[in-house]
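Biologist: Please take a single part and go through it closely, giving the cut-offs behind each term as you come to it.

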Amino acid sequence: MELIQNLLANQLFFSVIMMAVGLGVIAGVSAPFAILFERKLSGWIQDRIGPNRVGPWGVLQPVADGVKFLMKEDITPAHVDKPVFIMAPFISMIVALIGFAVIPWAGEIHFPWMDEGATVRTQVANLNVGVLYMLSVASLGVYGVVLGAWASNNKYAFYGGIRATAQMISYEVPLGLGVLVVILIGGTLELDKIVYAQAQSGVWNIFLHPVAFVLVLTAAFAETNRTPFDLAEAEQELVGGYHTEYSAMKFAAFFLAEYSHMATNSALVIVLFLGGWAPLPFLSFWSPEHTWWNVGWLAALIKFGCFFGKIAAFLVFYIVIRWTVPRFRFDQLMRLAWKGMVPLAIGALVLQVLMTALGFIIRPERGFAGNLPTVLFALAGNAVLIGLAMFVTARSTREVTGRQDNLPAVGNRNANAKLSGIIQ
Amino acid sequence: MIRDEDIMMVAPPTLTTSDKLYLPQVIAGMRTTLRHMFSVAKRAETTVQYPEQKRKLRVENYRGVHRLNKDPDGRVACVACFMCSTACPAHCIHIEAGESPWPDREKYPVKFDIDELRCIYCGMCEEACPCDAIELTPHYDLVGKSRQEMVFDKEKLLRIFDETKDVKPRKNPPVTDYGLTGGQDKAVARPTAERKV
Amino acid sequence: MPKITVDGKQIECRDGVPVLQAVLEAGWDVPHYCYHPGLSVVASCRLCLMEMKMPHPQTKEMDWAPKLFPSCQTPVKDGMEVRFASEGVASSQSHVMEYYLVNHPLDCPVCDKAGECYLQDYSEKFGHASSRMVEDKHKNPKKDIGSKTLLYSDRCVVCSRCVRFGDEVAGAGELRVINRGHRAEIDVFPGVPLENELQGNVVDLCPVGALLSKDFLFQQRVWNLRSTPSVDPTTSAGATIWIDHNDDRIFRVRPRFNEKVNEWWISDETRFGWKYVADSKRLNQPLQRDNGAMKPLRWEAAPELLRRLLDEAASADQGVGVACVLSPMLSCEEAWLLSTFVRSRAPQATLVTGYVPVSGPDKTFPKGFKISAEKAPNRRGVESIIKAMGGPNATFEQFVKSAGDGKFKLAYVTGGYPQVWLTADQARAIGKVQTLITHDLFESALDEYATIRLPGASWAEREGSFMNADGLIQPFERALKPLDGVKSDGQFFHELVGRPGLYRGAKTREAMAEKIPAFGDIFVPRPEPEHAH
Amino acid sequence: MTLVLVGAVALFMALPSGGAASRRLPLIFLAGASGALLTIFFGSNADSFKGAWLTLLALIGVWGAVRVVTHSRPVYSALFFILVIISVVGLLAVLDAEFLAAAVLIIYAGAILVTYSFVIMLAQRSEAAPYDVNAREPFLGVLAGFVVIAAISTRVFTGAPPAAPDVESAQLAVGSVQNLGVQLLTRQVVAVEIAGVLLLAAMVGAIAIARRPAPTPERDRLESEGAL
């Protein structure tokens with residue numbers, strides 16, 4: 001008992017426990033159940049029922065799926081580059097999981113048996129560059145896809161890899177810019193400080209920078225390779241994209257990586273914009289004092305529940321988006337990133353720089369009401385930004401269709417003369 | 001071959017500002033998605049709990065397992081013309097023809113095998129058949145324990161006719177008039193036989 | 001060479017042919033049933049009618065005559081002008097086609113001719129889509145007119161090709177047209193069935209499905225067949241044929257037009273002589289004698305083994321004790337490859353012309369068609385190769401005798417005959433050879449003595465060329481994949497010689513022609529015009 | 001010095017050349033040499049826990065670096081390059097330079113090397129080309145590289161220790177990010193600005209080069225008529 005208490009009191013061991021539990025929960029339970037959830041919700045959205053054969057309401061479906069993945073023949077095709085082929089899914093998996101290391105799940109905990117004023121953080125590692133860590137981990141995510149694609153020695157897989165590379169590099173730019181806005185608000189790179197600031201003031205960053213929120217959210221979608229950004233797998237034209245040649249556990253690793261990635265990215269967006277574990281906006285939920293709510297272990301559970309609830313809501317959102325927005329064409333994807341999101345993100349960044357320069361700074365200790373002028377100013381700035389964007393799009397006369405310039409004029413029934421000119 | 005005059009260039013729709021901004025349209029789309037997600041009644045209406053419930057099929061044109069029709073005398077209606085196996089894009093029909101034992105026709109299938117696993121259920125055989133002998137039935141739940149079992153022979157195909165003729169009666173009378181208005185007579189005149197000159 | 005104008009285009013034609021033949025050769029499709037270049041002209045089908053320019057009776061100016069003329073009966077004359085592309089001709093054709101279909105049973109689904117039937121083709125191209133016939137069809141009976149042929153009178157268009165063939169080419173004249181008008185039909189005299197040695201040709205001649213071969217009846221739809229050009233392997237005449245096959249099975253053999261040898265015909269011997277190809281008794285496993293018993297031998301190991309045996313036998317005396325029997329069933333290329341191989345290891349080896357089966361005298365038919373008595377396709381080819389190779393050679397009888405005297409240490413004996421070809425005595429004499437390698441299609445009396453027994457491939461599974469009795473070298477192609485376990489002879493000899501890649505008849509012929517120039521001159525008959533039949 | 005020499009010779013032998021019969025032995029030598037060097041280097045000046053990490057990461061890094069130049073397949077070279085980057089990032093993280101670590105990871109591993117490996121994969125699908133199988137200038141390359149290493153290590157081992165940090169920067173050392181930012185915008189501001197201007201110029205130039213309109217029949221016609 002003593003030993004356990006001591007272990008729990010030590011930050012390092014607590015982190016190790018967090019890590020073990022977190023990994024187990026996320027990789028072993030959440031991701032499979034997220035898959036069940038996705039199948040169920042997808043069914044509902046398509047007026048179907050979804051899995052309902054294994055266990056009541058189909059809850060044992062993930063188990064069945066898991067068993068199936070384990071039992072399936074694990075084919076390594078003859079023509080692949082073996083070491084890389086085997087490594088790729090696990091790189092994908094590892095990269096998706098290590099992102100959790102810096103997520104501040106539930107603030108700090110003071111166990112009764114600890115010294116007065118001492119706490120443990122519910123975070124595996126408190127890096128002072130937590131945000132950058134998340135970004136760098138996200139930037140590594142592309143390796144699993146690209147290496148798997150290349151090693152498969154399959155043209156469809158390779159196309160998928162090419163697309164994934166271009167897409168991920170492109171969407172890292174607006175992601176980084178959007179995150180920079182948040183960094184400027186709080187003046188810190190530490191994720192738990194960002195959460196504390198939001199919880200204390202009740203001003204979640206989404207109220208300051210809705211535009212940046214949408215951008216980061218979109219970029220997060222793109223980073224996870226989910227629809228409408230799943231060009232890398234695109235089953236209609238690329239069979240399965242980068243995982244065409246994968247089967248059994250190796251495929252399952254890719255699959256789980258995707259869902260872990262979804263969870264990591266939702267956690268990042270929640271921490272940056274939606275107050276982390278804070279249950280409600282507008283109210284102050286944190287102060288530097290040592291109260292049961294701030295450091296108690298029961299409160300930590302509640303906070304953890306809030307955080308997890310937000311992640312679950314995000315997963316639902318992911319699924320709903322999947323069945324709402326069709327996949328982009330590649331040129332649309334690139335246009336969206338470079339011509340739409342990057343300028344908007346720069347606009348949001350400029351806005352925040354202006355706010356900082358003009359003294360509209362969030363002061364968490366003042367609460368929501370005390371920061372109202374800043375919020376209003378920020379919202380006004382965002383409105384101006386959106387207005388500007390609308391003005392620019394409305395003004396642009398060029399059709400945004402991606403239609404090739406060298407096709408004949410539309411509505412032309414006798415396009416043969418011109419067409420033959422092109423064919424030559 | 002596409003003819004030039006059949007090609008029409010279609011103008012892409014003009015985008016409004018909200019289209020161009022994209023997000024309003026996404027939100028509108030999400031409304032539809034969510035509406036479907038929460039419409040329990042519709043879900044119950046469109047889904048069938050398959051093994052317990054069975055779908056109602058349009059038996060006239062559902063393309064399931066094949067059958068070989070029998071003529072009114074209970075004989076196989078097929079005359080082994082090979083039209084179905086010629087039309088078959090999956091090359092799943094194998095016929096061996098022989099001289100028929102009946103006086104009113106020349107030829108009949110000694111063997112008639114369809115590989116139901118290879119078949120793509122396109123119905124071309126049904127279209128090609130000049131005497132409506134091969135038809136696709138509304139039977140769709142065919143299973144077997146081996147590949148060999150799924151190669152249906154003539155007996156099995158005729159049995160399927162017996163099983164399905166109540167659900168889907170043989171639709172058309174035979175187009176060719178074998179045995180009705182007198183086609184080929186089976187009786188062969190021998191060179192030595194007395195014949196009126 | 002006369003020049004005539006057809007539909008405004010000037011064509012050159014051969015002297016003395018009918019307009020129809022000239023026009024067909026120039027590539028026009030003119031419908032015709034009764035006309036056949038190998039038979040007399042009767043102009044009875046009335047399908048090939050044309051318009052012709054002739055002097056106007058009054059003005060003496062050249063003008064289109066109001067009547068139509070049968071083009072099959074009009075010989076070409078320099079400067080004449082005819083046309084087929086006119087309304088009158090087209091309307092005549094379509095009406096004639098309608099008449100032909102008045103009594104036709106339209107039982108194409110069960111008719112073996114469907115797919116190569118000129119009633120189908122012409123009614124599609126020149127006829128009507130529908131019939132105006134409302135009365136019951138007149139129905140002639142189906143007749144069994146001979147051991148190999150069936151006559152479906154109701155499908156007959158009474159073109160009388162078969163009758164004329166019987167009279168003019170076969171010289172037998174069993175078939176006749178009986179009755180008149182719409183009751184006219186083909187028949188044989190009571191008690192005199194159609195039995196002559198060329199009777200199979202009437203099935204090919206028949207433009208519709210009236211005359212059918214019992215052998216091919218219901219076997220296969222013709223559109224599933226693939227045709228490979230080949231040469232008759234049964235006699236030394238070298239008739240050119242088409243092998244019609246599908247799924248590595250021969251279904252029938254048809255004549256291939258050859259102006260120098262068989263024209264449009266083949267004998268029934270050729271037509272039905274392929275059956276041994278599908279015989280279940282054919283050998284399909286190389287065997288090697290091991291302590292008295294025959295053990296399976298892998299094809300891959302055979303060349304090395306043969307080379308070793310040959311080297312052993314030829315090491316002391318340049319191979320005086322080696323003999324190689326080149327069967328006349330081998331193609332020229334195969335015989336050359338095998339003799340090259342043997343001579344390369346044993347320069348003094350004896351090359352032997354294999355056994356040549358002969359049955360009866362040569363037969364000649366009225367129009368000159370010949371059935372030769374020599375029942376092997378390539379005796380002359382093998383002989384000329386042996387001559388060109390020089391060195392010791394022998395006839396088969398000499399070989400048997402010296403083998404009986406114990407002169408040979410090693411002999412490579414090729415067979416490949418469809419029938420039994422060795423007597424027990426001969427086999428016993430050859431059996432005296434210490435190392436005997438046999439290469440044959442069927443089991444023979446030699447098997448008992450063989451050290452190595454290799455299964456051979458039939459001619460349809462090989463490619464190469466045969467030199468016929470008149471010295472004409474005619475190439476033939478491979479139609480079938482060799483039987484499981486069998487390697488085509490050419491491929492095996494190719495490997496023996498140590499040439500790289502796959503055996504190809506034409507390639508080998510080129511190499512052979514460098515050594516023996518006579519083989520550079522092959523004969524390929526000119527193809528028949530596309531629309532002639 | 002000896003170790004550096006041994007390393008140089010070993011690397012020279014390990015470089016892929018036409019008749020590379022045995023490359024195992026030189027690699028072992030190389031590993032031994034660099035391992036000894038690094039152990040001396042890190043083992044001396046840090047507490048044991050950190051030192052062990054540093055040594056391990058440095059060993060991985062050196063091994064990866066050697067494989068980058070000795071591997072005959074370019075894709076694997078790129079992968080080993082990534083390994084080098086990751087171990088360098090690890091070194092930086094252990095040395096409390098988290099910002100630099102994250103930045104290196106984002107920029108090198110996340111962007112530059114992805115593009116690298118992408119280009120290599122796209123350019124060369126088949127087996128190694130002859131120019132990848134043989135090192136081009138093995139001797140010169142190894143000489144140049146190891147002269148630099150020798151110079152650095154000599155300086156590290158024998159030169160005077162760096163001057164003690166002045167008071168000003170010691171005060172600033174509250175967090176590595178802040179410290180870095182202040183340093184960049186005060187002492188290094190000219191360098192930062194120059195770098196920024198250079199990058200901007202490069203980007204403008206790249207856009208100018210890339211912006212060539214797609215050829216259309218219409219445009220071709222106009223061009224041939226000299227209208228454009």
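Modeller: Chain C has a secondary structure of 13 helices and 26 strands, both being DSSP runs numbered from the N terminus (helices H or I, at least four residues; strands E, at least two). This is a predicted model, in which local features need pLDDT of at least 70 and side-chain atom pairs count only at pLDDT 80 or more, while totals for chains, interfaces and linings use all residues. Residues are numbered from 1 along each chain as its sequence is written, chains are lettered from A and ligands numbered from 1 in the order in which they are written, and side-chain values use heavy atoms, with hydrogens and water left out.

Of the 533 residues in chain C, 57% are buried, that is, under 20% relative accessible area with a 1.4 Å probe, protein chains only. The accessible surface of chain C amounts to about 22,700 Å², and carbon and sulfur atoms account for 50% of that surface; such areas come from the Shrake-Rupley method with a 1.4 Å probe. As for how the chain C sequence is brought together, if one takes the contacts (heavy atoms within 4.5 Å) between residues at least 6 apart in sequence, 68% of them join residues at least 24 apart.

For an interface elsewhere in the model, 25 residues of chain D are in contact with 26 residues of chain A. The area buried between chain D and chain A is about 2,300 Å², with 73% from carbon and sulfur atoms, where buried area is the accessible area (1.4 Å probe) that two parts lose on being put together, summed over both.

Key: Buried means under 20% relative accessible area, exposed over 50%, partly exposed in between (1.4 Å probe, protein chains only).
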